[in-house]
Amino acid sequence: MKTNEWWRRAVVYQIYPQSFNDTNNDGIGDLRGIIEKLDYIKSIGVNTLWLTPFFESPLIDNGYDVSDYKKVASDFGTMQDMETLIAEAHQRGLKLIFDLVVNHSSDQHQWFRESKLSRDNKYSDYYIWRDPKPNGAAPSNLGSVFGGSAWRYVKERNQYYLHLFAKEQPDLNWDSKALRYAVYDVMDFWLAKGVDGFRMDSISFLSKNAEFEDVPVEDNKKFGAYYYGTANGPHIHEYLKEMHQVIYSKYPDIMLVGETPHTSMNQAKLYVEPNRQELNMVFQFEHMHVDYGAYGRYSDVTFKMSDLRQSMARWQKTLSWNALYLGNHDQPRLVSRFGDEGRYRVKSAKMLAMIQILQKGTPFIYQGDEIGMTNAHFTALSQYKDLEAHNTAAFLQSEHVSHKQIMTFLARKSRDNARTPMQWEDTVNGGFSSHKPWIEVNTNYAKINVSEATSDENSILAFYRQLIALKLQSQLTIDGDFTLISANDSSVFAYQRQLDGQKLIVLGSFSGKKVRYSLPKEIANANGKLVLSNYQDTPNDLNPTLFLRPYEGVVYLINEQHE
């Protein structure tokens, strides 16, 4: 591993500042709250932090609508607070990466306020403008992520601007060299302050086809699918190579992670192959689609483990390096989605962490997953704060979907499930704040909280600490080859990592019942020793046939070099 490839040994803890820890008791998490919890974060065993946006913003999309990339939003603190956070994190050996949201900005950004005034000012081409059709209609039928048309008319220019997301999030025009270098200037600003890299939001949309034509309509929507002609466009790799050249020439030791919706494996390879000098890894979404339904992500469809296993294994074999995740701020809680949040919450949360973290790649752990936080189970639409949830509910109502079904969809898949406040203690608001939080705390905070987990040596938190220590202790778990085992088993996700005569066998049962599992002959006859289990009495020796209990996860080491 090269000295500047520290990200290959990174275990990342994602923080959603708004919901992490409130120190000034205004109901909103803040940077001081993160500083206050750095020792706790360090104790988990992670070595890198990822902060979602804290920049100045109208908060139409919870900070993913940035109005000033070089200012800290007053709700979160001051620039001095941020500089203190960077210094305190580094003092503890923690790297820090920020969200870089540059597919779009807020419509309150100075760039857009100027751009919409005329067609011939300094910022006129910083955004994507197109003339109306001869009848005055929008340039195409393209729809936005959050529903409705992706085009918005501006009288001053007699043109429409593109917004793949909310109308308050106009898309930046990366075909403009001036815009691109303005973005590089933002990156330089934060890197000069000591930031160690960026998670780049919606990076696969930066380059769009110049001609916007009508596109197919999918998932029972009224407008064309937003990703046709906008994802993985003709100049995306040209722009990322330019960014790499400009930024890495000055900061060669940084980490760049790209969020790449609607990107195939072959397309993703172009982003991450080292010799292409673009990104270190990408967040892909194929395995996040295993439970999509007739209306896309909002559904009551239950995933099949075989689909999840097949997807994750394909990406392991195809990409040189993967970003490993099962949940984040845009997804439901992983134990509610892929495990059993009831009787087997603890067991399934541990098993899922094992299956995720021990694959080849950089693991990303979302705040609260280390204590097994669950979906919120809100019962009223008014409890939801996410723009997407309300727009989706309105769309489904227009499709005559029943209110009961809509609430079921939201309870399962709303992004707010991951955005409820961090549960620290069995006190008012889970110890997050003494003020009413910006979004309600999950009602199970009395049972599920950091204080309770810290006092229990068999807690999910304790298991995460063991698991991360295992991940970081050897080259086998970092660089070992990944091979799927028993690819057709109906209940068990099994794989091995192999390097220099050592094999790590990882088995995870996705069943709520006891299952019989037989190892392939080439593994069954090996002398494997238990390394980790989410049960207390797992056999120390690897047997050819295992009787895995509900959601049991086990890791065995086969040391062939000593046999």
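Asn 417 sits in the loop that links helix 12 (403–413) and helix 13 (450–454). Keep in mind that this is a predicted model. Is Asn 417 buried or exposed? Its relative accessibility comes out at 0%, and since buried means under 20%, Asn 417 counts as buried. The side chain of Asn 417 reaches the backbone oxygen of Ser 414, at 3.0 Å. Skipping the neighbours within four places in sequence, Asn 417 is in contact with Pro 332, Arg 333, Thr 374, Asn 375, Ala 376, His 377, Leu 410, Ala 411 and Arg 412.

Next up is strand 13. Five of the five residues in strand 13 (residues 362–366) are buried, so the strand is largely enclosed by the rest of the structure. Thr 362, Phe 364 and Tyr 366 point one way from strand 13, while Pro 363 and Ile 365 point the other way, and all of them are buried.

Which strands are joined to strand 13 in the parallel sense? Strand 1 (residues 12–15) is one, with three bridges, and strand 12 (residues 323–324) is another, with two bridges.

| Strands | Sense | Bridges |
|---|---|---|
| strand 1 (residues 12–15) and strand 13 | parallel | three bridges |
| strand 12 (residues 323–324) and strand 13 | parallel | two bridges |
| strand 15 (residues 492–499) and strand 16 (residues 502–509) | antiparallel | eight bridges |

Now for that sheet. Five strands make up an open sheet in the order 14-15-16-20-18, with antiparallel pairing. Why is one side of strand 14 (481–485) and of strand 18 (528–533) left without a neighbour in the sheet? Both stand at the edges with a single partner strand each, so one side of each has no neighbour there. From one strand to the next, the twist averages 25 degrees.

Within this sheet, strand 15 and strand 16 pair over eight bridges, and Gln 498 has Lys 503 in strand 16 as its bridge partner. Helix 10 (residues 345–357) packs on the sheet, touching strand 15, strand 16, strand 18 and strand 20 (553–559). The direction of helix 10 makes about 140 degrees with that of strand 16. Helix 14 (residues 460–472) lies across strand 15, strand 18 and strand 20, and runs at about 135 degrees to strand 18.

Terms used:
Residues are numbered from 1 along each chain as its sequence is written. This is a predicted model: local features need pLDDT of at least 70, side-chain atom pairs count only at pLDDT 80 or more; totals for chains, interfaces and linings use all residues. Side-chain values use heavy atoms; hydrogens and water are left out. Helices (H or I, at least four residues) and strands (E, at least two) are DSSP runs, numbered from the N terminus. Buried means under 20% relative accessible area, exposed over 50%, partly exposed in between (1.4 Å probe, protein chains only). A polar contact is a pair of N or O atoms within 3.5 Å; within protein, one must be able to donate a hydrogen and the other to accept it, and residues adjacent in sequence count only if both atoms are side-chain atoms. Contact means heavy atoms within 4.5 Å. Two strands pair if DSSP finds at least two bridges between them. Axes are lines fitted to C-alpha atoms, for helices over the stretch in contact, and angles run from 0 to 180 degrees between N-to-C directions.
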